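Please look over the sequence and the three-dimensional structure shown here before turning to the briefing. The points after it are grouped by topic.

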Amino acid sequence: MLLLFFRKGRVRTGRGMDMFCLGLFGVPELSSPEGFHVAQEKALRQAESLVESACATPLGPQTVCIFDQLSDALCKVADLADFVKIAHPDPAYREAAEEACRNIGTMVEKLNTNVELYQTLQKLLSDEKLVASLDPETRKVAELFMFDFEISGIHLDEEKRKRAVDLNVKILDLSSAFIMQTHFPNKIDKHLLPEHILYNFAHDGNHALVSSLHAESSDDLVREVAYKVFLYPNPDQLNCLDELLSSRDHLAKLVGYPTFAHRALQGTIAKSPGEKYIHHKFLTVKDFEMMKGMKMKLNPLNSVKLFLNLFFSCRYNIEPSLYCPFFSLGACMEGLNLLFRQLLGISLYVEQPEKGEVWCEDVRKLDCHFTIRGGRLKENGEYQLPVVVLMLNLPHSTSIAPPLLTPGMLENLFHEMGHAMHSMLGRTRYQHVTGTRCPTDFAEVPSILMEYFASDYRVVNQFAKHYQTGQALPKNMVSRLCESKKVCAAADMQLQVFYATLDQIYHGKHPLKRSTTEILKETQEKFYGLPYVPNTAWQLRFSHLVGYGAKYYSYLMSRAVASMVWKECFMQDPFSRAMGERYRREMLAHGGGKEPMLMVQGKIKLRLFYFLDLSFLK
């Protein structure tokens, strides 16, 4: 696991750490699990005080500032707890963080149905003179807070508002349970597997533990076993998903929407379930034929088994192990450093964490050193500096080698760093709209744009060097790597269409006519073209159903925007400082404080030419 977090200060690498000093991420209360309760209670008391202040303060820009302070006080605890409950190795910390998440989440839902708070904001936005006195960003933030009230059922009577709060809390609990289970391994008796592949899996007594699809394995049998075991249906997880989808539907109908998808897409670029679509059926079939031909050459006796999993293994059309020695973690981070320095005038440094800030030596802390910092403008005129965490599953270092990344891991690192830069380079006054706190179908633009840089031979050529000899990655290998990412592009796109369509169906008209697995089978065969593998339930590993419920299409929408930005700004010169500053100024700086379409129209011409056709659901 690589965990990077960003804050002010110099960066140096660190080893072993004592966690009982400063507190996790510099929060003094979090030197022990019990500290989450202390931090939570402190935030709740501060929230109560700010609610009183918001309702008593004369209406004006200060009203919006107090609303943002209220949001910030709760988010500081909730966001940190949301991460710790998944990532921390100590169960006591995870449980304490889970409890804090639930309690803060409950408070947020109660505030979103607080009539007095709502009426205060309503009076501000209904006064034309007061609205005219607000600058565009302040007005936008005020409207976003009003939107939160409206989709939470503020217009309902007291009994129904309470039902809405209860449903939201139930959804939080179900979401937490579902997301945790998506990462749990499945077990299989070791004697059921061929002995020669057992070393590929972890062991627990007489069981082999399968914790992933092993998609990059070159062994057909390993991929087949991993696919069938990892995706084997878990009855409890099936029930959890059913209840989550049903609860979301009940909430949407309670607050006045026909489906959860209609509620979720309010305030996005898409606005509502779409009417346009993209379908690369002909090109996808050609990709599948090519895959089948490749597999016939590699293994004539097993040419069609688990065709879906083959897509992942042939995505790069290269042998990953040949590239790993050139993609040490240090080399990749230096590549990002070189890119950001030339493009944005930013340098990355490694910093020794203070005692207690992090919990194990797998954690590395980075600092982005730059002039304009994200976060929010505090009351004393200083900026509250953001903290950004990237959590990636990467190989451990060994006694003879540093962590060595596959091409897929490299792309993922660049993708996640795009999110980090979005947060770090925001210059918004309000934390409610800083960085990635923007419409979901725009939030993926910076991260997907970074994938283009990771696929450009001019960028890769700058940093890909052998960890032992320092030899640069040979030019023919660089070219082959970059060109290989175009392999199966239509199938890749169609796979995303399948995922997005499945997500929309699950969050569309209820009650669902079939089980989630039957819907998966039908949708996969209709929108992707490959047969469903019996006794599997891929949807139970689809963690995006929690954070991206009814919004998975965002990857398609964001890819369209990122493609236009790349072609307009960086394709000719990926190191252009002028274009980097323009991108930073016109897109990254605004976070969610400006309408996405206003950011991409004008100089950066955008033609959104695809979306999903969901008319067949009507």
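This is a predicted model: local features need pLDDT of at least 70, side-chain atom pairs count only at pLDDT 80 or more; totals for chains, interfaces and linings use all residues.

Residues are numbered from 1 along each chain as its sequence is written, and side-chain values use heavy atoms, with hydrogens and water left out. The secondary structure comes to 25 helices and nine strands, where helices (H or I, at least four residues) and strands (E, at least two) are DSSP runs numbered from the N terminus. Of the 618 residues of the chain, 55% count as buried, a term that means under 20% relative accessible area, with exposed being over 50% and partly exposed in between (1.4 Å probe, protein chains only). Among contacts with a separation of 6 or more, 76% come from residues 24 or more positions apart, a contact being heavy atoms within 4.5 Å.

**Aromatic rings**

- Rings of Phe, Tyr and Trp (its six-membered ring) pair if their centres lie within 6.5 Å, and planes under 30 degrees apart count as stacked, over 60 as edge-to-face and the rest as tilted; by this rule the count comes to 21 aromatic pairs.
- One of these pairs is formed by Tyr452 and Trp566, which are stacked at 5.6 Å centre to centre with 20° between the planes.
- This pair links distant parts of the chain, since Tyr452 belongs to helix α17 (residues 445–454) and Trp566 to helix α23 (residues 554–570), 114 residues apart.
- Tyr452 counts as partly exposed because its relative accessibility is 21%, whereas Trp566, at 6%, counts as buried.
- Tyr548 and Tyr555 form another stacked pair, with 5.4 Å centre to centre and 20° between the planes, and both of these residues are buried.
- Ring pairs also link Tyr548 and Tyr555 into a cluster with Phe498, Tyr499, Tyr528, Trp538, Phe542 and Tyr552.
- The charged end of Arg541 sits over the ring of Phe230, 3.7 Å from its centre; the criterion is that NZ of Lys or CZ of Arg is within 6 Å of the ring centre and within 35 degrees of the ring normal.

**Helix α21 and its surroundings**

- Helix α21 (residues 516–527) has twelve residues and reaches 16 Å from its first C-alpha to its last, close to the 16 Å expected at 1.5 Å a residue, the expected span being 1.5 Å times one less than the number of residues.
- The buried residues of α21 are Thr516, Thr517, Ile519, Leu520, Thr523, Gln524 and Phe527.
- Seen down the axis of α21, these buried residues fall within an arc of 155°, so they line one face of the helix; the arc is that of the directions from the helix axis to the C-beta atoms.
- After α21 comes Gly529, whose phi is positive, near 100°.
- A cis peptide bond with omega of about 0° joins His510 and Pro511, and Pro511 lies in the loop between α20 (489–506) and α21.
- Asn535, in the loop between α21 and α22 (544–547), has a positive phi of about 60° although it is not a glycine, and it is exposed, with a relative accessible area of 55%.

- Strand β2 (residues 186–189) has a covered face, made up of Asn186 and Ile188, and an uncovered one, made up of Lys187 and Asp189.
- Four bridges join β2 to strand β4 (residues 207–210), and the two run antiparallel; strands pair if DSSP finds at least two bridges between them.
- Within β4, Leu209 is the bridge partner of Lys187, and Ala208 is that of Ile188.
- Strand β3 (residues 202–204) also pairs with β4 in the antiparallel sense, over three bridges, and Ala202 stands opposite Leu209.
- β3 and β4 form a hairpin with two residues between them, and Gly205 in the turn has a positive phi of about 65°.

**Other individual residues**

- His422, in helix α15 (residues 407–424), counts as buried because its relative accessibility is 1%.
- Not counting residues up to four places away in sequence, His422 touches Gly435, Thr436, Cys438, Ala443, Pro446, Leu588 and Gly591.
- Lys271, in the loop between α10 (260–264) and α11 (281–298), has a positive phi near 75° while being a residue other than glycine, and it is partly exposed, with a relative accessible area of 47%.
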